[in-house]
Amino acid sequence: MSVDRRSVLRGAAAGAAGVGFTTVGAVPTLAEATPASHPGRTPFPQHRPFPPLLDDPKGVLALPAGFKYRIVTQAGETKLKTGHPTPTLHDGTAVFSTGHGRYQLIQNHEIGGANELGVPQIEGTVYDSGVGAAGGCTVIDVDKDGKNLGEWVGISGTLTNCAGGPTPWGTWMTCEETENKANGTTRLKDHGYVFEVWGDGRTAHPVPLKALGRYAHEALAIGENRTHVYLSEDASGPNGTFYRWSAPRGYKLGPRSWQDLQNKDFGTLEALAILGDDGKPIPDVAYLTSAQLLRPFRVKWVPVPDRDGVTTSVRKQFTDGQITRGKKFEGVFGTKDGVYVVNSYAESGTSDLPADAVPHDGMVWFYNYDAGTIQLVTYFPENAAANKGAEAKYDDYNFDGPDNVTVTPWGSLILAEDGQASSHVLSATPGGPTYAIARNQLNDSEFTGPSFSADGKVLFVNIQSPGITLAITGPWRDYLG
């Protein structure tokens, strides 16, 4: 997610730092929002479309009628309990219920080096003191309406904390999207690892989980049976891929697994190979298009020779045709049946994809645990005009650059856009339509870290730059339930 294709900010609007609710319009009735049944209606999955987005008078977030938002944190404006300003570049985020209608967010900050709005190095949370106030995670307590009740550091001294994934035992796995090694000055340790983060502000074990590999991590999900971890890689030259870590026989992941995962030889790390009809790996995901929507493809997992990338980057250890690569493997989210993974885009006329593959503006995949197959469930064709920076005429129908993904309490998907022109938060039904449920009016920054509270009442999402966390409430069940 570190690559942002936008170049022109549309300007910050006054009032962005407000902390009260902003509500737009009134809730439409079911009859107003749902088309009447008729003989010619399309055979898509039956669900209620979201109403059109209405511009926000404060110029921050366009929402459908009846929804409202609250600003939870804002870089440089809100404060940590230590008095330091909230760090910038909000990214992957998880939300946990803490009881009594309250939630706790653990949030990444995708900062690649020392920054005046970096994550301060607090004793007990520091991995690499040499990087200064750079990347890391903050923890935020909020009430049922998204009001900020306190914020502190969860881990510091890391770099380019992009996304990650929650654990079943209530912690957060944060991923470094870098391969930078120690240089003896600004980096005293190697980077490119996954770290486990506790929400109590006492990350007593800021240690790299080397068993999960050292590469440009994006996100991960822990499998339902706690014996696998699925991880994405956002890298190019060559493109990255999707990985699976498998536990030793008889082992299940749990609250103290960080002790075992420090060992780079613990378990097995493998790379994805999607098999074509001839039984051979398809070299790049961009050879598949909407013509294969929902078609299951068999998968093979290929062992990684050196997961710590001591002399050669992990993705470069594979020859062409040995695995399946893809431009910008990004968001990952697991369910009881499988795991979703996103490719953001692959542009025409670039080295993003093989010359004979098909450019696209976004793909969402679903890997089925039991079947061992992968399916393309959402596909955005390339809009070459929009990719040149021109704003689409029908802005809230034209989507590109899906990045982070989460699954709602009702089973549908929420996607955060990192594309051209306007960025949206999207509601997507696998194999079905996609709707805009929010639009960034503040600037051209991407959305990051969409996370639903388990009770389905609040959607938390970030505008990455300058760094704003938003709590969106409204009649979610009416549209997603």
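Thr160 sits in the loop that runs between β8 (148-158) and β9, with strands taken as DSSP E runs of at least two residues, numbered from the N terminus. The model is a predicted one, where local features need pLDDT of at least 70, side-chain atom pairs count only at pLDDT 80 or more, and totals for chains, interfaces and linings use all residues. Residue numbers start from 1 along each chain as its sequence is written, and side-chain values use heavy atoms, with hydrogens and water left out.

Though not a glycine, Thr160 has a positive phi of about 50°. Thr160 is also buried, at 12% relative accessible area (buried is under 20%, with a 1.4 Å probe and protein chains only). Lys328, in the loop between β16 (296-303) and β17, is another non-glycine with a positive phi, about 55°; Lys328 is buried at 1%. Most residues other than glycine have a negative phi, and most peptide bonds are trans. Gly237 and Pro238, however, are joined by a cis peptide bond with omega about 0°, and Pro238 falls in the loop between β13 (228-233) and β14 (242-246).

As for open space, a pocket here is an open set of points on a 1 Å grid over the protein atoms alone, where a 1.4 Å probe fits, with protein on both sides within 12 Å along at least five of seven lines; lining residues have an atom within 4 Å of a point. The largest pocket has 39 lining residues, with Pro166, Phe333, Gly334, Thr406 and Val407 nearest its centre. β5 gives the largest share of that lining, six residues.

Technical notes:
Helix = DSSP H or I, 4+ residues; strand = E, 2+ residues; numbered from the N terminus. Buried < 20%, exposed > 50% of the residue type's maximum accessible area, 1.4 Å probe, protein only.
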